[in-house]
Amino acid sequence: QWRLVESGGGLVQPGASLRLSCAASGFNWDSFTGGLGWFRQAPGKEREGISCTSTANGRTYSADSVKGRFTISRDNAKSMVYLQMNSLKAEDTAAYYCAADARGCSVWSDPGAEYHFWGQGTQVTVSS
């Protein structure tokens with residue numbers, strides 16, 4: 001059974017940084033082809049795909065709302081995906097989820113998209 005477990009969220013002040021981690025297990029990481037990344041959801045808002053990395057070509061996608069502030073990376077040897085979040089703003093407050101989707105990173109640009117597989121999430125709260 002596939003499993004994705006997020007960690008690293010917390011309560012921080014505006015301008016602070018956080019690094020989210022996603023540990024994957026239960027599937028063959030090396031054989032997976034598609035997108036690996038992060039989406040977020042806040043109360044009253046559509047889920048937003050924020051960042052993705054493609055296992056097929058190495059390309060990355062970032063939503064305009066986080067471009068220049070968030071950076072995605074992965075460690076294939078450890079089956080880990082990371083999201084470095086800098087210059088956090090109050091509007092970044094949301095539950096953040098790690099996700100995998102065989103359709104590729106195009107899913108992350110589709111508002112309200114449903115992903116093939118995701119974790120339980122980690123809460124990020126940015127408040128002064």
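Visitor: If a disulfide is a pair of cysteine sulfur atoms within 2.5 Å, how many disulfides does the structure hold?

Guide: The structure holds two disulfides. Please keep in mind that this is a predicted model, in which local features need pLDDT of at least 70 and side-chain atom pairs count only at pLDDT 80 or more, while totals for chains, interfaces and linings use all residues. Residues are numbered from 1 along each chain as its sequence is written, and side-chain values use heavy atoms, with hydrogens and water left out.

Visitor: OK, which residue does Cys-22 bond to?

Guide: Cys-22 is joined to Cys-98, with an S to S distance of 2.1 Å, and the angle of -75° about the S-S bond makes this link left-handed. Cys-22 belongs to strand E3 (residues 18-25) and Cys-98 to strand E9 (residues 94-101), so the bond ties together parts that lie 76 residues apart in sequence. Strands here are DSSP runs of at least two residues, marked E and numbered from the N terminus.

Visitor: Are those two cysteines buried or exposed?

Guide: Cys-22 is buried, at a relative accessible area of 1%, and Cys-98 also counts as buried, at 2%. Buried means under 20% relative accessible area, exposed means over 50%, and partly exposed lies in between, using a 1.4 Å probe and protein chains only.

Visitor: And what does Cys-52 pair with?

Guide: Cys-52 forms a disulfide with Cys-105, their sulfur atoms being 2.0 Å apart. The torsion about this S-S bond is about -75°, so the link is left-handed. Cys-52 sits in strand E5 (residues 48-54) and Cys-105 in the loop between E9 and strand E10 (117-118), so this pair ties together parts 53 residues apart in sequence. Cys-52 and Cys-105 are both buried.

Visitor: What pattern do the disulfides follow?

Guide: Counting bonded cysteines along the chain, the pattern is 1-3, 2-4.

Visitor: Back to E9: how many of its residues are buried?

Guide: Eight of the eight residues of E9 are buried, so this strand is largely enclosed by the rest of the structure. Strand E4 (residues 35-41) has six of its seven residues buried, so E4 is likewise largely enclosed.

Visitor: How many bridges join E4 to E9?

Guide: Seven bridges join E4 and E9, which run antiparallel, and Leu-36 stands opposite Ala-100 in E9. Two strands are said to pair if DSSP finds at least two bridges between them. E9 also pairs with strand E11 (residues 122-126), again in the antiparallel sense, over three bridges, with Ala-95 opposite Gln-123. Between E9 and E10 there are two bridges, with the strands antiparallel, and Ala-99 stands opposite Trp-118 in E10.

Visitor: What about E4 and E5, how do they pair?

Guide: E4 and E5 pair antiparallel over six bridges, and Phe-39 has Gly-49 in E5 as its bridge partner. The two strands form a hairpin with six residues between them, and Gly-44 in the turn has a positive phi of about 80°.

Visitor: Switching topic, in what order do the strands of the open sheet come?

Guide: Its four strands come in the order E1-E3-E8-E7, with antiparallel pairing. Strand E1 (3-7) and strand E7 (70-75) are the edge strands, each pairing on one side only. On average, neighbouring strands of this sheet are turned by 15° against each other, direction ignored; the axes are lines fitted to C-alpha atoms, and angles run from 0 to 180 degrees between N-to-C directions. E1 and E3 run antiparallel and are joined by five bridges, and Ser-7 has Ser-21 in E3 as its bridge partner.

Visitor: How far apart are the C-alpha atoms of Cys-98 and Ser-7?

Guide: The C-alpha atoms of Cys-98 and Ser-7 are separated by 9.7 Å, although the residues are 91 apart along the chain.

Visitor: Which residues lie nearest its centre?

Guide: Arg-40, Lys-45, Glu-48, Glu-91 and Asp-92 lie nearest the centre, out of 13 lining residues, where lining means having an atom within 4 Å of a point. By class, the lining has two nonpolar, three polar and eight charged residues, with Asp, Glu, Lys and Arg counted as charged, Ala, Val, Leu, Ile, Met, Phe, Trp, Tyr, Cys and Pro as nonpolar, and the others, Gly among them, as polar.

Key: On a 1 Å grid over the protein atoms alone, a cavity is a set of points where a 1.4 Å probe fits but cannot get out, and a pocket is an open set with protein on both sides within 12 Å along at least five of seven lines; lining residues have an atom within 4 Å of a point. A disulfide is a pair of cysteine sulfur atoms within 2.5 Å.
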